[in-house]
Amino acid sequence: MGRQSILGRTVRVDFGTRAVGVPAKIDTGADGSSVWASNIRVDRDGVLKFSLFGEGSPHYSGKVFRRTDYSVAMVKSASGHEIIKYRTHFTIALGGKKIKALFNLSDRAVHNFPVLIGRRTLSSKFLVNVS
């Protein structure tokens, strides 16, 4: 096992050169990670298309990402509605390391942080100092 970087409760994340210095919340209570995505759709050829963030975000560029490696899950919301969730991998820079991590694509417009980093992304790579 390599040396673990220490992260605080909030960090800045780079999604390559497309989005640099994006505020993220470290949430050790969350299993997975998620990123604010908008205009999420799957075209006739089965290609997932989306934009990172939304028009209200200073990180929004409108650039359309295209992915063929993604997963789809049907999840029940707290209110009992079934929602389709898409997940895909990003290579991100976090805590001085470049890592490949799986992210849920979701509308995080109402959240304080456009990115949430969960346990699976942190596991065996980072230590979290909550103080």
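Predicted model: local features only at pLDDT ≥ 70, side-chain atom pairs only at ≥ 80, totals over all residues.

Me: How many cavities of 30 Å³ or more does a search of the whole structure find?

Reply: The search covers the whole structure and counts cavities of 30 Å³ or more. The largest cavity, at about 50 Å³, is above that cut-off. The count is one.

Me: By class, what makes up the lining of the largest cavity?

Reply: The residues lining the largest cavity include Leu-52, Phe-53 and Phe-65, and also Ser-51, His-59 and Ser-61. Arg-18 and Lys-63 are in the lining too, and Arg and Lys count as charged. By class, the tally is four nonpolar, four polar and two charged residues.

Me: In which sense do strands β2 and β3 pair, parallel or antiparallel?

Reply: Strand β2 spans residues 10–15 and β3 spans residues 19–26, with five bridges between them. Across the pair, Arg-12 stands opposite Pro-23 in β3. The two strands form a hairpin with three residues between them, where Gly-16 takes a positive phi near 60°. The sense is antiparallel.

Me: And which residue in β10 stands opposite Lys-25?

Reply: Here we look at β3 again, this time with strand β10 (residues 115–117). Three bridges join these two, and they run parallel. Opposite Lys-25 stands Leu-116.

Me: Which residue forms a salt bridge with Asp-31?

Reply: The structure holds three salt bridges, so there are a few to pick from, given the cut-off of within 4 Å between nitrogen and oxygen. In the one with Asp-31, the closest N and O atoms are 3.4 Å apart. The partner is Arg-119.

Me: How many residues apart are Asp-31 and Arg-119?

Reply: Asp-31 is in the loop between β3 and β4, while Arg-119 belongs to helix α1, residues 119–122. The pair links distant parts of the chain, and the separation is 88 residues.

Definitions and conventions: Residues numbered from 1 in each chain as written. Heavy atoms only, no water. 1 Å grid on protein atoms, 1.4 Å probe; cavity = no way out; pocket = protein on both sides within 12 Å on 5 of 7 lines; lining within 4 Å. Points joined across faces, edges and corners; volume = space filled by probe spheres on them. Pairing = 2+ DSSP bridges. Helix = DSSP H or I, 4+ residues; strand = E, 2+ residues; numbered from the N terminus. Salt bridge = Lys/Arg side-chain N within 4 Å of Asp/Glu carboxyl O.
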